[in-house]
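Please keep the sequence and the coordinates at hand while reading.

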Amino acid sequence: MKRAIYPGSFDPVTLGHLDIIKRAAGLFDEVIIGILVNPGKNPWFTMEERMEMLRCTTKEIPNIEIASFEGLLVDFCRMRKIDGIIRGVRGGTDFDYELPMAQINQQLYAKTETVFLAANPAYSFISSSAVKELAVFGGDYTSMLPPEIAARMKYKENQMSKNR
């Protein structure tokens, strides 16, 4: 059985993320969506909220597991016997960032290969960071998110504006 991980913060999960998840699920027997606990980031959504958003948006895909992890990705891969690391790339800048990380991961744990999936052009401009920036400045981000996530984002946006 070939198992892969698609790691990220998914804060929030976007249509671009879902496109990569669906395509990866067609390539591997099992895809773990790994939500990284990253102390260097200040997420808008809690880990449980992000896990729930991913459960909600991937419930139709049978070979998906959602898990959180902290520490090195390759340690998680070793522990879970993961064959592939899925990385979506939107353009050259993403590739320039991802390639050295893939090479480091290969050096640390050669049993896991990184698989780069080119972003669907319809989603190549979407990022969670861009969605959050639009939310802060009152822009419309709804076309970048699944409807159920857009509703959660709007709720979170309202909560945050009340706390300012």
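## A buried charged pair

R87 and E98 are both buried, where buried means under 20% relative accessible area, exposed over 50%, and partly exposed in between, with a 1.4 Å probe and protein chains only as cover. The two residues form a salt bridge in which the closest N and O atoms are 2.8 Å apart, a salt bridge being a side-chain nitrogen of Lys or Arg within 4 Å of a carboxyl oxygen of Asp or Glu. This pair links distant parts of the chain, with R87 in strand β4 (residues 84-89) and E98 in helix α4, 11 residues apart. Helices (H or I, at least four residues) and strands (E, at least two) are DSSP runs numbered from the N terminus.

The model is predicted, and local features need pLDDT of at least 70, side-chain atom pairs count only at pLDDT 80 or more, and totals for chains, interfaces and linings use all residues.

## Other salt bridges

By the same rule, the count comes to 12 salt bridges. One of them joins the side chains of E30 and R3, at 3.0 Å from N to O; because E30 lies in strand β2 and R3 in strand β1, this pair ties together parts that are 27 residues apart in sequence. E30 counts as buried because its relative accessible area is 13%.

K154 is partly exposed, with a relative accessible area of 41%, whereas E157 is buried, at 14%. Elsewhere, salt bridges that share partners join E48, E52, R55 and R152 into one network.

## Nonpolar cores

The largest nonpolar core has 33 residues, and those with the most contacts inside it are I21, L54, I64, I86 and M153. A nonpolar core is here a set of buried Ala, Val, Leu, Ile, Met, Phe, Trp, Tyr and Cys residues joined through side-chain atoms within 4.5 Å. At least two residues of this core are supplied by each of β1 (3-8), α1, β2 (30-36), α2 (47-58), β3, α5 and α6, and the largest share, five residues, comes from α1. Leaving out residues up to four places away in sequence, L54 touches F10, V13, I21, I33, I35 and I66, contact meaning heavy atoms within 4.5 Å.

Apart from this core lies another, of 11 residues, among them I32, F69, F76 and Y109. F69 lies in strand β3 (residues 64-69), and F69 counts as buried because its relative accessibility is 6%. With residues up to four places away in sequence set aside, F69 touches I5, P7, G34, I35, L36, V37 and F76.

In helix α5 (residues 128-136), the buried residues are S128, V131, K132 and A135. Seen down the helix axis, these residues fall within an arc of 95 degrees, so they line one face of the helix; the arc is that of the directions from the helix axis to the C-beta atoms. What covers the buried residues of α5 includes α1 (15-27) and α6 (147-162), while S129 and E133, on the other side of α5, are exposed. After α5 comes G138, whose phi is positive, near 80 degrees.

D19 is placed in helix α1 and counts as buried, at 14% relative accessibility. Leaving aside neighbours within four places in sequence, D19 is in contact with N120 and Y123. The C-alpha atoms of D19 and E157, which are 138 residues apart along the chain, are separated by 24 Å.

Key:
Residues numbered from 1 in each chain as written. Heavy atoms only, no water.
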